[in-house]
Amino acid sequence: MSYPEPPPGSGDPYQQYPQGDPYAQPGMPSGGYPAGDYSSGAMVPYNQQTGGYQAPYAPVPESEAILTTIGDISITQTTVITPAGRFPIKGSTWNASDMTHTTTGVSTTGIVLTVISLVIFIWACGLGLLGLLFLLMKEEKTQGSVQVTVQGNGVFHSTMVPARSPQTVMQVMQSVNYARSLAATS
């Protein structure tokens, strides 16, 4: 289904174009896109800024090995590598926030053993109440994540590391302390 064209005339709002674009920038066409025909799906070369933020790129010597990673942050002897950019580790600031919580409750295994023992003991010898002792089995569940932020040379990056156990929290904290020691001594 197509709609009819509006009638031409001096009072036709469809034929009136704005006199100027209040948001236009010098050297840019009125649409705000750089000159060039990108409507055909042509790729914009990487080195041409087309909008958004391009993080500063500092080449890392290929001889440097990655010492540790924290989430999506990689650390070499002299460089921090993040999705937001690369920067020297010297003078970088590291923060870690433990946002985990641990709950204690009856374990699933204890509930299953209680039900099975109640059925077996009542059927076999009438001592079904002994199976209730399995309800004393407890388990701890750790949920949440550890947030790690790093800042240096004008670049800021934050990552969340999911924690499934208290050992994960300890490991992340040790890695952050290692990165802090590299930042202080490099």
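The legends below describe several close-up views of one predicted model.

Because the structure is predicted, local features need a pLDDT of at least 70 and side-chain atom pairs count only at pLDDT 80 or more, while totals for chains, interfaces and linings use all residues. Residues are numbered from 1 along each chain as its sequence is written, and side-chain values use heavy atoms, with hydrogens and water left out.

**View 1. Four strands form an open sheet in the order E1-E2-E3-E4, with antiparallel pairing.** Strands (E, at least two residues) and helices (H or I, at least four residues) are DSSP runs numbered from the N terminus, and two strands pair if DSSP finds at least two bridges between them. Strand E1 (68–70) and strand E4 stand at the edges with a single partner strand each, so one side of each is left without a neighbour in the sheet. Neighbouring strands of this sheet are turned by 20 degrees against each other on average, direction ignored, where axes are lines fitted to C-alpha atoms, for helices over the stretch in contact, and angles run from 0 to 180 degrees between N-to-C directions. E1 and E2 run antiparallel and are joined by three bridges, and Thr68 stands opposite Ile75 in E2. Helix H2 (residues 166–185) packs on the sheet and touches E1 and E2, its direction making about 120 degrees with that of E1; contact here means heavy atoms within 4.5 Å.

**View 2. Strand E3 (residues 79–82) is covered on both faces.** Thr79 and Ile81 on one side, and Val80 and Thr82 on the other, are all buried; buried means under 20% relative accessible area, exposed means over 50%, and partly exposed lies in between (1.4 Å probe, protein chains only). Two bridges join E3 to the antiparallel strand E2 (residues 73–75), and the bridge partner of Ser74 in E3 is Ile81. A hairpin through three residues connects E2 to E3.

**View 3. Strand E4 (residues 85–88) pairs with E3 in the antiparallel sense over four bridges.** The two strands form a hairpin with two residues between them. Within this pairing, Thr82 has Gly85 in E4 as its bridge partner, and Val80 stands opposite Phe87 in E4.

**View 4. The side chains of Glu139 and Lys141 meet in a salt bridge.** The distance from N to O is 4.0 Å, and a salt bridge is defined as a side-chain nitrogen of Lys or Arg within 4 Å of a carboxyl oxygen of Asp or Glu. By this rule the count comes to one salt bridge. In general, side chains of opposite charge can pair when their charged atoms come close. Glu139 is partly exposed, with a relative accessible area of 28%, and Lys141 is also partly exposed, with a value of 43%.

View 5. Leaving aside neighbours within four places in sequence, Thr142 is in contact with Thr100, His101, Thr102, Ala163, Arg164, Ser165 and Pro166. The C-alpha atoms of Thr142 and Thr104 are separated by 9.0 Å, although these residues are 38 residues apart along the chain.

**View 6. Asn153 has a positive phi, near 55 degrees, and is not a glycine.** Most residues other than glycine have a negative phi. Asn153 is placed in the loop between strand E6 (138–152) and strand E7 (155–162), and at 60% relative accessibility Asn153 counts as exposed.

**View 7. Val106, Ile111, Val115, Val119, Leu129, Leu132 and Leu135 make a nonpolar surface patch of about 610 Å².** Patches are made of residues with over 30% relative accessible area and no salt bridge, like charges being joined within 9 Å and nonpolar side chains (Val, Leu, Ile, Met, Phe, Trp, Tyr) within 5 Å. Accessible areas come from the Shrake-Rupley method with a 1.4 Å probe, and for residues only the protein chains shown count as cover. Helix H1 (residues 108–124) gives the largest share of the nonpolar patch, three residues. Leu135 lies in the loop between H1 and E6, and at 34% relative accessibility Leu135 counts as partly exposed.
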